[in-house]
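Subject: The structure, and what turned up in it

Hi,

Here is the structure I promised to pass on.

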Amino acid sequence: MPFRQIASHSPDLGYVLDVVASPARTLLATPTAAGALPVFAADTLVPAVNLAPFVAQPGSHEQQRPPTFSEAHFAGGGGQGADGALLWWASHEGRLGLCDARAGGRLVMHMDVQLPILSFSLNASNTIVAAGTEQPQKENGDDESPRLLFWDIRSSPRPLAAFEDCHSDDITQVRFHPTNPTALITGSTDGLVNFFDITTLDEDDSLHQVIKADSVHKVGYFGPACEYVYCLTHVETFGLYTFPDADLVKLYGDVRELAARGGVHLEYLVDAHYEAAEQRLYLYSGTWSGDLAILNVGLDGMEVVHTLNGGHSETVRGVHWDKAASRVVTGGEDGRIVLWGSAEY
């Protein structure tokens, strides 16, 4: 059933990096490249709060600048924001923070890393946060190793551990398993996807499997028990693997070429989404002019099931599809946030 535009919002806060839903799917956060972190009602796009003024720490003029966000995720369950109130964020200034969206954006917790954070994740027991950094450079111009950092959020803001040998370039993805609090995958522009078991925070002992891919754009889990992993790359290839054994299930190659054989024009991949009720995996892909396609992923190939055209004029960076509510929310580099609904919405 086709989607139509229901509402849109253009807050003039820079291009949208992502669209992130709260656990109950009632709130959406849309971090922007200009340092804004607005939160909206998911069903109407009515603004709830903008967290950016609150995440800047009091102190010097430099500290008062809004951060340049890299990622944001709502906390969920286990007493850590089960109502969707608590929102984690990371920045290119090397800060990792937690805000209470229902208390005016009050900063609850923060950690300083001194290295740009590109991706982070909170584990299933809401006890450990892991974050991956850019590859730093020495003063002489030589490259150092990026860091994979771990914190116990119940205790000290100092890291529990820092892994420095697992990747040789920017760590672009860090994702804990949805139900196993010690299982973690990371992806990097070095082309590696690493599978960790952090029962012990020893780098050599915790690294269990390695997948060799191209420069990693997105990784995530899917399947009834989250027993599979998907990987999207910066050269628009797509692959599926078993978890935790890292066996190849299907390598699709360049999705643009695959779509073109079916007469569909696509230019980049956004992310993938697993719909648990249907046990189906979907892939979001788009064109530089702002059109979006949702593809159903099968072992025999892919099929376009929805197109969302005319809502954006530039690249779509974030998508949230609430299939049960018959709505999609998209955010793009044109600074627009668009609410789409099916005919029954």
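Let me start with the pockets. Strand 22 gives six residues to the lining of the largest pocket, the most of any element. Strands here, like helices, are DSSP runs numbered from the N terminus (E, at least two residues, for strands; H or I, at least four, for helices). Before I go on, note that this is a predicted model: local features need pLDDT of at least 70, side-chain atom pairs count only at pLDDT 80 or more, and totals for chains, interfaces and linings use all residues. Residues are numbered from 1 along each chain as its sequence is written, and side-chain values use heavy atoms, with hydrogens and water left out.

The space in that largest pocket comes to about 1,600 Å³. There are 43 lining residues, and V20, A21, H73, R175 and P178 are the closest to the pocket's centre. Besides strand 22 (268-275), the elements that give two or more residues to the lining are strand 2 (20-21), strand 6 (69-74), strand 10 (117-122), strand 14 (171-176), strand 18 (216-222) and strand 26 (316-322). By type, the lining holds 23 nonpolar, 12 polar and eight charged residues. Nonpolar here covers Ala, Val, Leu, Ile, Met, Phe, Trp, Tyr, Cys and Pro, charged covers Asp, Glu, Lys and Arg, and the others, Gly among them, are polar.

The second largest pocket has about 620 Å³ of space. It is lined by 26 residues, and L17, H217, K218, H234 and R317 lie closest to its centre. Strand 6, strand 14, strand 18, strand 22 and strand 26 each give two or more residues to this lining, which divides into 11 nonpolar, nine polar and six charged.

For the method: on a 1 Å grid over the protein atoms alone, a pocket is an open set of points where a 1.4 Å probe fits, with protein on both sides within 12 Å along at least five of seven lines, and lining residues have an atom within 4 Å of a point. Points are joined across faces, edges and corners, and the volume is the space filled by probe spheres set on them.

Now the rings. How many aromatic pairs does the count come to? The answer is 11, where rings of Phe, Tyr and Trp (its six-membered ring) pair if their centres lie within 6.5 Å, with planes under 30 degrees apart called stacked, over 60 edge-to-face and the rest tilted. Y230 and F238 make a tilted pair, because their planes are at 40 degrees, with the ring centres 6.5 Å apart. Both partners are buried (under 20% relative accessible area; exposed is over 50%, partly exposed in between, with a 1.4 Å probe and protein chains only): Y230 has 6% and F238 has 1%. F150, F163 and F196 are linked into a cluster by ring pairs. There is also a charge over a ring (NZ of Lys or CZ of Arg within 6 Å of the ring centre and within 35 degrees of the ring normal): K250 lies over the face of Y252, 5.6 Å from the ring centre.

The loop between strand 20 (237-242) and strand 21 (248-254) contains P244, and the peptide bond from F243 to P244 is cis, with omega near 10 degrees. A246 is in the loop between strand 20 and strand 21 too, and has a positive phi of about 65 degrees although it is not a glycine. S326, another non-glycine with a positive phi, has a value of about 60 degrees; it lies in the loop between strand 26 and strand 27 (327-332). A246 is buried at 15% relative accessibility, and S326 is buried at 14%.

Last, two residues and their surroundings. G332, in strand 27, is buried at 0% relative accessibility. Not counting residues up to four places away in sequence, G332 touches Y15, V16, H312, T315, V316 and R317, contact meaning heavy atoms within 4.5 Å. V49 sits in strand 5 (residues 47-50) and is buried at 18%.

Over to you!
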